[in-house]
Amino acid sequence: MVVRYHPRMIAFRYEHQVIDTSLEGIDWAQTAAADVDGDGRPEYILGRRAGEIFWYDWADGRWTRHLLGTDSPSDVGGAALDVDRDGWIDFVTGGAWYRNSRSKDKPFERIVFDPELKAAHDIVVADIDGDGRNEVVTMSDQNNLRFYRIPEDPTKPWTRHDIGPATHAGVAVGDIDGDGHLDVARSDAWFENVDGDGSKWVEHPIGKCGGESGWEANATRAVVCDLDGDGKMDIVMTDAEIAGGRVFWMENLDGRGTRWKRHDLPHSDQDRRGAYHSLIVRDFDGDGALDVFSCEMEWIRGSRTPRWYIWQNLDGKGTSWREHVILDANLGGHEAVCADFDGDGVEEIVAKPWTAHRQNAVGGKMHVTWLRLARRHEFAA
């Protein structure tokens, strides 16, 4: 007879491929997955601080890199959306957006919407004011936490609306208090969208993240989601940008965001981990429960070479976990994204370092690494 592997049996077995080692310089981030060429599949986008932005297209079994733009004013933050509503996906970094050229051979047009907004660490797209159109939420510790409404003519300056003071990182959006309005989380606090239109914000504490002072104390990434399936929005976070950090989730005990409880995800060994600066929350094994992905950075290392992980939510309630190491190849990751890049119906993971370590597996080069679920096999038994 013919026996098929059940998808859950191979949900945590990944194959990896290094798809680029020719990126120059350091400080690469500004990642996104979006269909920028209109072919029905997402492409991978990344950019360098104060430098170039590229997008990668997967077609005919190979990846091809294209120049999206230059002179990015952003730090880590980047977001893809249709800014001018012409049906083509554009890209926002810092105080500029890049209008889709509709050509693989022509860079996007760079348009500045706020020349004072620089070094944005977080950029998130969401309908903050409930009008059915997306706004752009940004945070820079050189500025503050704010959102921008996109005007009818997006080539004109965008109006800034302040939400609250900044930390270095950790912005996420979701209805934290269950009132039907989108709120904004920021590492150690969240901001209540009181009237639902972004005009009034009230700050509420979440709890301390990390044990350092200064910018290192902030969560690097955050996702608002119902991790334990109880109908209340929780927040998953990656810990401070230091070695020895954790991935954890903050349980929204009362559903109103006034009482929180921290739960650290388990480590399967005692080795000191490098810094986590990626976070993907989705159902990786198809059992209906949200699982968590992260990976270690190359630059801020632990006691061994960096690895990539998925924490399997065994009971669907966030109280029982199994850690899976899905890549252990001396390649670190930063700002990973997840999408079905090759169109096979299964999402993959793509990441790169912020700065490459001189002793990584590709001779100290920058790299873009692609993880695909191991191919399903059939065999006779």
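**Histidine 324 and the aromatic pairs**

Histidine 324 is located in strand S26, which covers residues 321-327. Keep in mind that this is a predicted model. At 17% relative accessibility, histidine 324 falls under the 20% cut-off and therefore counts as buried. Its side chain makes a polar contact of 2.8 Å with the side chain of glutamine 312. Apart from neighbours within four places in sequence, histidine 324 is in contact with Phe12, Trp308, Tyr309, Ile310 and Gln312.

Now the rings. How many aromatic pairs does a search of the whole structure find? The search finds 13. One of them joins tryptophan 63 and tryptophan 370: the ring centres are 5.1 Å apart and the planes stand at 85°, so this pair is edge-to-face. The two residues come from distant parts of the chain, with tryptophan 63 in strand S6 (residues 62-69) and tryptophan 370 in strand S29 (residues 368-373), 307 residues apart. Tryptophan 63 has 12% relative accessibility and counts as buried; tryptophan 370, at 1%, counts as buried too.

Tyrosine 309 and tryptophan 311 form a stacked pair, with 5.4 Å from centre to centre and 25° between the planes. Both of these residues are buried.

Which residues do ring pairs link into a cluster? They are Tyr44, Tyr56, Trp58, Trp63, Phe341 and Trp370.

Last, two arginines. Arginine 262 has its charged end over the ring of phenylalanine 248, 3.7 Å from the centre. Arginine 282 lies over the face of phenylalanine 284, 4.8 Å from the ring centre.

Technical notes:
Residues are numbered from 1 along each chain as its sequence is written. This is a predicted model: local features need pLDDT of at least 70, side-chain atom pairs count only at pLDDT 80 or more; totals for chains, interfaces and linings use all residues. Side-chain values use heavy atoms; hydrogens and water are left out. Helices (H or I, at least four residues) and strands (E, at least two) are DSSP runs, numbered from the N terminus. Buried means under 20% relative accessible area, exposed over 50%, partly exposed in between (1.4 Å probe, protein chains only). A polar contact is a pair of N or O atoms within 3.5 Å; within protein, one must be able to donate a hydrogen and the other to accept it, and residues adjacent in sequence count only if both atoms are side-chain atoms. Contact means heavy atoms within 4.5 Å. Rings of Phe, Tyr and Trp (its six-membered ring) pair if their centres lie within 6.5 Å; planes under 30 degrees apart count as stacked, over 60 as edge-to-face and the rest as tilted. A charge sits over a ring if NZ of Lys or CZ of Arg is within 6 Å of the ring centre and within 35 degrees of the ring normal.
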